[in-house]
Amino acid sequence: MPVHGFLVAGGVLHERAATMDLKAQLCVLLLALGLCVTLQVSAQEEDVDVDVEDDVGDLGDDELLDGEAEEEEKPAPAPAAAPTVTYKAPEPRGEHFFAESFDKGTLDGWVVSQAKKDDIDEEIAKYDGKWEVEEMKDTKLPGDKGLVLKSRAKHHAISALLLRPFTFDTKPLIVQYEVNFQNGIDCGGAYVKLLSQSPDLSLAQFVDKTPYTIMFGPDKCGEDYKLHFIFRHKNPKTGEYEEKHAKKPESDLRTYYTDKKTHLYTLVLNPDNSFEILVDQTVVNSGSLLSDMTPSVNPPAEIEDPDDHKPEDWDERPKIQDPDAVKPDDWDEDAPAKIPDEDAVKPDGWLDDEPEYIADPDAIKPEDWDEDMDGEWEAPQVPNPACESAPGCGKWERPMIDNPNYKGKWKPPMIDNPNYQGVWKPRKIPNPDFFEDLHPFRMTPVSAVGLELWSMSSDIFFDNFFITYDRNTAELWADEGWGLKKAAEGAAEPGLMNQMISAAEEKPWLWVVYVLTVALPLVLIIVFCCTGKKKPAPSAAEYKKTDEPQPDVKDDAEEEEEKDEQEEAKAEEPEENRDDAEDSPAEAAEEDEEAEKQEEAEDQSDEKQEEEVLRRSPRSKGRARKE
């Protein structure tokens, strides 16, 4: 094969090798992505198992021994079921002002309100909503009990005294409790009130107007999802109290109201006036009592003078009409905005004598028509059938077009007002009610905790109320209570595949996402790894269209076929010809010489053709230019 033949063949091989490398890299990438997804799913399932094992590891030795004994009694265990978590009531560790887990199964220490609401119908004025201490309906922790609001569309009120009043001085306040909307929530609240310390406080008469210091917790009605933090601030000048509301959290709170899981709500108030609101130990809102409450704790130092009035000659007009402007002489205010089109021509076939509408010939006067009362009866009008095939009926009028000479009513142009004085505002005066309270954290002490609620949903589950000033103590209480619930709920949740199927049943369009996510990588793998088309050998016509040289060397198979054909031809040659060839050696020698000369001539022509091909190839042309 000539040198250029080897170069072309080498380029083709290099291109094929590069293509195969690219396919191999894509296949490896897709396999790696699939492996990562598999490992992530496995890791999530292992995390759930590890959490459950950790919680079980915190149990006492006796409980573990009991579990081991039960396992030994079963020689042939059934297929592995979902891991279970054994409940153990949390115990307060450290300083605290209130701790309630309801695991005793009673309402000891709690007082149900016997009062009535003022200024409301007698039928709904009573706080007659029912409270019970019981387990959740779908509990994952047998033995874990809580306070349950049982009635819907009723007023509920219940409260309990703290171990000792909490005074806002140099230590923070931490309030936390758990809520589970077992039936979801349509409209209602699940917030808690910290009742202000007062000699007049009566838990049996706890109502909506009972003074409180802090209100905190979830509330929802319609599509308005709230997480309240309100405190009542005492005006140091007047002694009156005013509610201050924290800004609305930027986080999406919808999930906490709809997933029917137990959530932990925590409020942290610090002596430096900062606050944090956490849900499931994650901060969802934070700020300062001085700058992030509405209305502001401190009123403005200056206010607008209520007795100040705008002068009669005060000019607030930034622009006025030019008093020196004069209407041009050629300005025609009477010119119409539309004029008939003088170039319009009546269409051929227009029926001038035919009305557009005619009386309905099929209409019949009603039998009960009274001309004295109803007037003369007239048949209703219908479109004239004669006008259906015509361009129009009735009197033809020219269409109206815009009047090019129309200018409208003339108005003087606007110019800057030389007497403009700006927008008038009342003058500022010192605020007679101004005060500056730099320590709003120092609120009214609290001595009781209460729930005063109205809800359109029943079976709202409350549990593990805790009030302290030590964050570590609060976290320990949360880990032993809410943390155990979280582990149990996580252990009972279906695997990732079941969750995906359940989600797709609720939202069928997710099946499309699943199919694309799974099928697309498979299709790419098949395309890039299993479909490789070999490049067909170019035909003689393609060699003529390009500079690619045709190889001179024939395949071994072609050579063997030619030899077989020659031998068959010799075998079929008549004996007379063979005898003549044998009888005339001189003629045979001459024929051999002629054949050799013909072969030499063909070789020379082939070499010239190859040289011509090489000379015309782009590579040879490039070398010639360089030389």
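Is Asp-315 buried or exposed? Select Asp-315 to begin: its relative accessibility is 12%, so Asp-315 counts as buried, where buried means under 20% relative accessible area, exposed over 50% and partly exposed in between, with a 1.4 Å probe and protein chains only.

Before going on, note that this is a predicted model, in which local features need pLDDT of at least 70 and side-chain atom pairs count only at pLDDT 80 or more, while totals for chains, interfaces and linings use all residues. Residues are numbered from 1 along each chain as its sequence is written, and side-chain values use heavy atoms, with hydrogens and water left out.

Asp-315 sits in the loop between strand 16 (302-304) and strand 17 (319-321), strands being DSSP runs of E, at least two residues long, numbered from the N terminus.

Next, select Ile-214, Phe-229, Leu-269 and Phe-462, which touch the most other members of the largest nonpolar core, a set of 64 residues. Such a core consists of buried Ala, Val, Leu, Ile, Met, Phe, Trp, Tyr and Cys residues joined through side-chain atoms within 4.5 Å. A second, separate core has 6 residues, among them Ile-174 and Trp-477.

Finish with two backbone stops. Gln-281, in the loop between strand 13 (274-279) and strand 14 (282-288), is not a glycine and has a positive phi near 65°. Asn-464, in strand 25 (residues 460-468), likewise has a positive phi, of about 55°, and is buried at 2% relative accessible area.

Notes: Helices (H or I, at least four residues) and strands (E, at least two) are DSSP runs, numbered from the N terminus.
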